[in-house]
Amino acid sequence: MSTNYTALVSAVALAAENDDPFFLASLPEFVQRAQNRLARNLDTYGFVSYTTVTTSVSSAFLTVPTSAIVLKSIDRLSSSGMIQLIQRTDEFLREYWPDRASVGTPKYYARYGFSQLLVSPAPVSGTSFVFSMVEVPPTLSSVGTSTNWVTTYAEEALFFATMKEACHWMKSYDAANAWEAQYQDSIAG
């Protein structure tokens, strides 16, 4: 069974018994928070995507896509196929590769701040890397995406998480706790 954005918003408004315009205007935010929470809590290939990033000669920095929640792996494309890079700490990379001006075949990577990765050593030539990552599915809205993986495969969990957000907004904390319990049961299954 699946739902869509319009049906979800209607069901939440009906269950919350709240037709206040400020409440109704806040429903998209509740849905977004619930969807983000599901993307963090569920370990599913429904949220896995792949993207290719290409660097220039001797560039050791890769930009992490903004939609990525978790990086599962980084592979270097080569003529012999895909070679997985090994994740290490930035301290390890500084010790392994102290001369940042030197180049070679990238073997390791580490986080470098919030939005970048450092590969070590820097590639000799322009190199392509494939990111395997968990990302938030397309955002649900009334004017854009009305369905996604969550509305198709985790409909109940999305509803429960959205209701929890709505109850917090209404300062109905006991009800929020009850919806939280139902949410936990639904994702445990």
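Start by selecting β1 (48-55) and β10: strand β10 covers residues 127-135 and pairs with β1 in the antiparallel sense, over eight bridges. Two strands count as paired if DSSP finds at least two bridges between them. Helices (H or I, at least four residues) and strands (E, at least two) are DSSP runs, numbered from the N terminus.

The coordinates are a predicted model, in which local features need pLDDT of at least 70 and side-chain atom pairs count only at pLDDT 80 or more, while totals for chains, interfaces and linings use all residues. Residues are numbered from 1 along each chain as its sequence is written, and side-chain values use heavy atoms, with hydrogens and water left out.

Select T54, which stands opposite S128 in β10. Then move to S49, whose position is opposite M133 in β10. Strands of a sheet pair through backbone hydrogen bonds, either parallel or antiparallel.

**The other partner of β10.** Next select β3, residues 68-78, which runs antiparallel to β10 and is joined to it by seven bridges. Within this pairing, pick D75: its bridge partner in β10 is V130. Now colour β10 by accessibility.

Show four strands together: they form an open sheet in the order β1-β10-β3-β4, with antiparallel pairing. At the edges are β1 (48-55) and β4 (81-84), each of which pairs on one side only. From one strand to the next, the twist averages 35 degrees; axes here are lines fitted to C-alpha atoms, for helices over the stretch in contact, and angles run from 0 to 180 degrees between N-to-C directions.

**A cis peptide bond.** Go to P121, in the loop between β8 (116-120) and β9 (122-123). The peptide bond leading from S120 into P121 is cis, with omega near -10 degrees.

**Two positive phi values.** Select E17, in the loop between α1 (5-16) and α2 (21-41). E17 is not a glycine, yet its phi is positive, about 50 degrees.

Finish at K171, in the loop between α5 (155-169) and α6 (173-188). K171 also has a positive phi, about 60 degrees, although it is not a glycine. With a relative accessible area of 59%, K171 is exposed.

Note on methods. Buried < 20%, exposed > 50% of the residue type's maximum accessible area, 1.4 Å probe, protein only.
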